[in-house]
Amino acid sequence: MDIDLLKTFVEVVRTRHFGKAAENLYITQSAVSFRIRQLEQGLGVNLFIRQRNNIQLTAPGERLLPHAQMIITGMQRAKVDVALADNMHKQISLAGTPNIWDAFLQFGITNIVSAMPGVSLVAEVKAQQESTRLLLERTLDLAILFDPPKVDELVVERICELPIIPVSGYDTATNENFFDNQYVYVDWGTTFSLWHARQFTGKTPPYFRTSTGRIALDLILQCGGSAFIPHVLVEQHLENGELFHVKNVENTSRDIFVAYHRDNEQKELIETLINLLPTIEPNA
């Protein structure tokens, strides 16, 4: 099966629009339509229900989607494997959510690379659900996550704890007005959401929500406000007097976990990388 047909199918699913898919793939809209027809004829099914401004997957299309994603990811990884430089003997892939990268992985990725000579490292930003799926499909070796997946096929280990503190752009912030001065809610995962709901029921709703701590930090630095941010991201700003630790608001933390498939053939290499992760020192 032509891999370009599957790539086009996945892009149409993602955009729900033939024209937008064509723009993203740098081809014409008629080429997108032709590829989808080719794929449908080859499979003998209709993949989309086509209505004006409303493209929906059929039941066969829903069943094809995970297979198409797995084939595309596997092909991409195969190309990288084949094209490894002469001095690289093995490859390992890891993924983390944007918040994991901002608050943890960015501080140690260079140390990991230098400690594993001869290994080609593929590092990506992936959402929690996508990382879990790729681990199960064995197209991803290792995922670093806040919320450990509860799947029997995966090995999950806790590696460290990430302190998260309440900070504000105002030196007058207190427990009473912390949530009233442009409070930014950051989604630090399920455990944080449950803790937040228990601790702060009845408080003023946040005026801004984001899934990324870096966005919240930039926002309160430029516009003022308050948020729960990992200490490592705000330490310099606290020292400079740009932000203030609101000490009478309760602190919290998040455990960081790694997950990998228990039948992964590169288990020894994965364990080497896992042993390096707790040595990451963000303050350095």
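Me: Which residues of helix 7 (residues 128-137) are buried?
Reply: This is a predicted model, in which local features need pLDDT of at least 70, side-chain atom pairs count only at pLDDT 80 or more, and totals for chains, interfaces and linings use all residues. Residues are numbered from 1 along each chain as its sequence is written, and side-chain values use heavy atoms, with hydrogens and water left out. Buried means under 20% relative accessible area, with a 1.4 Å probe and protein chains only. By that cut-off, the buried residues of helix 7 are Ser131, Thr132, Leu134, Leu135 and Glu137.

Me: Is helix 1 oblique or perpendicular to helix 2?
Reply: Helix 1 (residues 3-15) and helix 2 (residues 18-25) pack with axes 8 Å apart, at an angle of about 125°. Angles under 35 degrees count as roughly parallel, over 145 as roughly antiparallel, 65 to 115 as roughly perpendicular and the rest as oblique. Helix 1 is therefore, relative to helix 2, oblique.

Me: Which residues of helix 2 make the contact with helix 1?
Reply: Contact means heavy atoms within 4.5 Å. Helix 1 contributes Thr8, Glu11, Val12, Arg14 and Thr15. From helix 2 come Phe18, Lys20, Ala21, Asn24 and Leu25.

Me: What percentage of the 284 residues in the protein is buried?
Reply: The protein has 11 helices and 11 strands. Buried residues make up, of its 284 residues, 45%.

Definitions and conventions: Axes are lines fitted to C-alpha atoms, for helices over the stretch in contact, and angles run from 0 to 180 degrees between N-to-C directions. Helices (H or I, at least four residues) and strands (E, at least two) are DSSP runs, numbered from the N terminus. Buried means under 20% relative accessible area, exposed over 50%, partly exposed in between (1.4 Å probe, protein chains only).
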